[in-house]
Amino acid sequence: MIRSAGILMPVTSLPSPYGIGTFSKEAREFVDFLALAGQTWWQILPLGPTGFGNSPYQSLSSYAGNPYLIDLETLIEEGYLKKEEVEDVDWFVEETEVDYGIMYKERYKVLRLACDRLPLKHPDDYLEFLKEEGDWLKDYAVFMAIKDDMKGESWIKWPRELRDHRNPQVAMEAERLKDDVLFYERIQYFFYKQMKALKKYANSRGIQIIGDLPFYVATDSIDIWSHPEQFDMDSEFRLSHVSGFPPDAGTPEGQKWGNPLFNWDRMRNEDYAWWMNRAQHQLEMYDCLRIDHFQGYERYFAIGANDAPAKGAWRKGPGLDLFRRMEARLGKQTIIVEDLGQLTPEFIAMVKESGYPGMRIIEYAFDPNDPGSIYMPFQYEKNTVAYTGTHDNDTLYGWLVNPDNKPRIDRAIKYLGLNDDEGYDWGILRAVYGSVSDLAIIQMQDLLMLDSECRMNDPSGKGKPWTWRMKAGALDKELALKLKEKMLLYCRNNWNAKVFEEI
């Protein structure tokens with residue numbers, strides 16, 4: 001990976017008159033901003049359809065795309081929607097916040113109108129899309145149609161014959177619900193057409209996309225419904241064990257996340273075919289893939305489905321065997337691994353042996369009780385990615401003004417020479433950009449100096465997770481050129497980007 005920089009900006013957080021960021025002109029304008037600012041990378045969060053809680057890391061599918069991200073203006077321009085059908089809806093209450101209640105209630109109504117008109121347009125590539133994505137698309141559409149018919153109920157609560165993906169009753173339901181099945185197939189056509197067009201535009205401007213592959217999959221997902229044998233689940237589709245984390249100083253009772261666990265023994269015997277297909281699909285969507293919770297491949301915590309976390313135990317994961325086989329099958333890929341969490345000697349050794357760049361979070365640095373922490377800038381290595389913070393961290397401004405962080409901030413002031421003239425925020429960005437790490441990624445909120453109300457997610461459960469949106473007009477040429485100046489100074493400029501005189 002060449003010395004470069006990028007911005008972490010969820011697609012949902014882009015400005016839009018329709019309540020949520022999409023593959024829109026605002027997305028292309030953001031790409032133009034990145035190019036003008038000398039950036040090379042746009043890091044996003046997972047793009048799958050979300051369920052209860054709206055977390056992109058708890059998707060209904062590892063293959064399908066989130067219908068909310070489909071740009072309505074493009075559908076109007078292409079004749080699938082009428083402008084009044086879109087403008088008659090109040091899409092949001094607050095400009096800087098996604099209202100998922102409105103999305104759930106209104107978005108599908110509008111998208112169904114567009115999907116109903118698809119056969120009238122006869123797009124040349126629609127049948128080709130159905131053929132290319134047939135391995136997963138039909139199952140997904142049937143799953144969603146039945147789920148709607150069940151009033152959104154999780155599939156593990158469906159009647160026994162429908163919980164069994166292979167039961168003939170499922171095919172009968174698919175036929176009964178064929179109009180809804182077609183709707184969910186067509187909606188994916190629109191998603192992938194627009195997503196690929198945006199990626200093509202970004203690449204043409206010298207901007208590459210970093211995607212994100214979650215470690216776990218959601219219990220209520222097509223992934224498990226269609227392949228229960230790949231998970232720790234009995235013949236009645238009941239979970240034996242679930243994911244979580246043991247008790248520690250921060251969470252004395254431990255954490256019970258509840259995700260199904262992989263049946264790694266079976267996967268290994270099948271050459272990890274299910275996991276490999278999932279990863280391959282993601283790799284085809286992006287220029288680089290961030291592997292979430294890389295620690296889980298070394299070891300993971302298993303808790304009995306009816307037990308407390310304190311009764312759980314660590315189990316060994318597949319290790320690098322999976323990734324070696326992936327490279328043999330798919331070739332060498334551009335990958336970043338999330339090597340955060342408990343840094344056991346075994347995990348540290350696995351990351352090093354993998355050769356993949358890990359992550360360094362500057363908000364984790366400057367702990368007076370751990371002066372030599374790996375998150376201190378002097379500890380960074382070339383083959384790493386330096387971040388101010390991730391989607392799970394506070395914004396940089398929120399971190400700076402939090403009184404609980406005062407000992408860290410006091411040390412950062414002395415270590416980095418932070419001062420009011422430069423601004424504490426830009427002083428910390430200086431440390432990230434000036435570090436030896438090959439790649440530096442900054443959260444968009446940190447470039448705009450937004451407070452804790454704008455953080456993307458708080459794992460403690462506070463705030464309104466996954467809802468932040470950037471205000472329209474928040475980005476300007478002055479900020480882009482200031483960033484480009486920093487890129488030139490720290491040799492991170494994207495020399496291949498086509499730079500525009502105007503944004």
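In this predicted model, the largest cavity has a lining of 23 residues, and those nearest its centre are Ser-59, Ser-61, Ser-62, Pro-214 and Gln-282. The space inside the largest cavity comes to about 180 Å³, and the structure holds five cavities of 30 Å³ or more. Two elements, β3 (208–213) and α12, each put at least two residues into the lining of the largest cavity.

Five of its six residues are buried, so β3 is largely enclosed by the rest of the structure. Strand β2 (residues 41–43) pairs with β3 in the parallel sense over three bridges, and within that pairing Gln-43 has Ile-210 of β3 as its bridge partner. Strand β6 (residues 288–291) also runs parallel to β3, joined to it by four bridges. Here Asp-212 stands opposite Arg-290 of β6.

Now for the open space. About 2000 Å³ lies in the largest pocket. Its lining takes in 48 residues, with Gln-255, Trp-257, Tyr-364, Asp-392 and Pro-459 nearest the centre. Which strand gives the largest share of this lining? That is β5, with four residues.

Strand β5 also belongs to an open sheet of four strands, ordered β5-β4-β7-β8 and paired antiparallel. The edges are taken by β5 (255–260) and β8 (313–316); each has a single partner strand, so one side of each is left without a neighbour in the sheet. On average, neighbouring strands of this sheet are turned by 50° against each other, direction ignored. At the β8 end, β7 (residues 299–304) and β8 run antiparallel and are joined by four bridges, with Ala-302 bridged to Ala-313 in β8.

Arg-299 places its charged end over the ring of Trp-314, 3.7 Å from the ring centre. Another case of this kind is Arg-107, whose charged end sits over the ring of Trp-91 at 4.8 Å from its centre.

Aromatic pairs come to a count of 47. One of them joins Trp-275 and Tyr-297: the ring centres are 5.9 Å apart and the planes are at 85°, so the pair is edge-to-face. Since Trp-275 lies in helix α12 (residues 273–285) and Tyr-297 in helix α13 (residues 295–298), the pair ties together parts that are 22 residues apart in sequence. Are these two residues buried or exposed? Both Trp-275 and Tyr-297 are buried.

Phe-323 and Tyr-356 form an aromatic pair that is edge-to-face too, at 6.0 Å centre to centre and 70° between the planes. Phe-323 sits in helix α14 (residues 321–330), while Tyr-356 is in the loop between α15 (345–354) and β10 (358–361), so this pair ties together parts 33 residues apart in sequence. Phe-323 counts as buried because its relative accessibility is 0%. Tyr-356 counts as buried as well, with a relative accessibility of 8%.

Technical notes. Residues are numbered from 1 along each chain as its sequence is written. This is a predicted model: local features need pLDDT of at least 70, side-chain atom pairs count only at pLDDT 80 or more; totals for chains, interfaces and linings use all residues. Side-chain values use heavy atoms; hydrogens and water are left out. Two strands pair if DSSP finds at least two bridges between them. Axes are lines fitted to C-alpha atoms, for helices over the stretch in contact, and angles run from 0 to 180 degrees between N-to-C directions. Rings of Phe, Tyr and Trp (its six-membered ring) pair if their centres lie within 6.5 Å; planes under 30 degrees apart count as stacked, over 60 as edge-to-face and the rest as tilted. Buried means under 20% relative accessible area, exposed over 50%, partly exposed in between (1.4 Å probe, protein chains only). A charge sits over a ring if NZ of Lys or CZ of Arg is within 6 Å of the ring centre and within 35 degrees of the ring normal. On a 1 Å grid over the protein atoms alone, a cavity is a set of points where a 1.4 Å probe fits but cannot get out, and a pocket is an open set with protein on both sides within 12 Å along at least five of seven lines; lining residues have an atom within 4 Å of a point. Grid points are joined across faces, edges and corners, and a volume is the space filled by probe spheres set on the points.
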